[in-house]
Amino acid sequence: MSFQYLGLKGVLEKATATEAEIDHQMQRLLQSSPRLTPITDRPAALGDEVVLSYAGFLDGEQFPGGTAENQALTLGSGTFIPGFEEQLVGAGADSDVTVSVTFPTDYHAKELAGKEAEFRCHVHEIRQRGVYEMDDTFAREVGKCENLAQMRQQVGKALQAYMDEQAEQELCRNLMQQAAASLDYTPEAAELEDAVTEQLETLSAQLAQKGLTLEDYCQFSNLTLEQLQEQMEPDAAAALRVRKAAAKIADLEGFTISQEELSAACAQVCEDNHMTMQELQPYFDDAFETAITNCILMSKAVSLVRKNAVIEEKAV
């Protein structure tokens, strides 16, 4: 069978946000939006949010990527390096504090791992965390709307846009899987092993954001690591086939990547990970550039396949 990627058929399943789904989203916003009251009559305590600017120094020399302006930080959240937040307890608003820490030995920036550093901080503001009611005050301060009815309308529009985007992504995923199915390609054992390892690393990073490990996940799922890897193989093989299909399309269509496209992709990585371009620089090696290039080519391939597909819209 020849490789087919033009004129594919797909179904765009369009769902409409219900009142119950909007209610649920409003409640999620309420629960995830603490009411922050400025504090001026006492120093910062655990549980407070402080707004600070800081600069990091190693042996008296300021190091790149260790600065921030007007950074919001909840004391006791464990967001920053161990020991950092505790040293801000007792600081007053509009005060200067020098925080001394030791970077963890497994810190992601190897040039900082295990090093002793100091951060010269200026605390701009202290805020006490409270809770909102589902009222117009919540709408004004969190939703930036005139009243609760307007906020609910805006939430409904945002939810509908999200659902539309999910439907579009599912359509494109199905189209690319169709294209991949027509490709004469079978992953080699080493390729499949690398793809499974990549999936494990992604899962591990997602779990780490929740304070969990792969071992925790395996225990909860009643699986050994080997069984988990075996379960991941079909998805890993499918992902490899889609990547190969995208690369084949890029080759057949003669796709190129401009410097502007590469810069825009790097800027998007920074935005997604709340980093500056300066903070991204240490990671920009050949492997990173290859990954970014492949992402751009994948996006171009998907766009081409989607544009040339025969699509039926279906309400669900």
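Start at the second largest pocket, whose volume is about 380 Å³ (the space filled by probe spheres set on grid points joined across faces, edges and corners). A pocket here is an open set of points on a 1 Å grid over the protein atoms alone, where a 1.4 Å probe fits, with protein on both sides within 12 Å along at least five of seven lines; lining residues have an atom within 4 Å of a point. This is a predicted model, where local features need pLDDT of at least 70, side-chain atom pairs count only at pLDDT 80 or more, and totals for chains, interfaces and linings use all residues. Residues are numbered from 1 along each chain as its sequence is written, and side-chain values use heavy atoms, without hydrogens and water.

Next, select Gln169, Cys172, Arg173, Met298 and Val302: of the 13 lining residues, these lie nearest the pocket's centre. Now colour helix H3 (148-181), helix H6 (225-253) and helix H9 (286-307), which each give two or more residues to this lining (helices are DSSP runs of H or I, at least four residues, numbered from the N terminus). H3 supplies the largest share, six residues.

Stay on Cys172. Is Cys172 buried or exposed? It is buried, at 13% relative accessible area (buried is under 20%, exposed over 50%, with a 1.4 Å probe and protein chains only). Its sulfur is 15 Å from the closest cysteine sulfur, in Cys295, too far for a bond. Cys295 is in no disulfide either, as the nearest cysteine sulfur, that of Cys266, is 11 Å away (a disulfide is a pair of cysteine sulfur atoms within 2.5 Å). Cys295 counts as exposed, at 53% relative accessibility.
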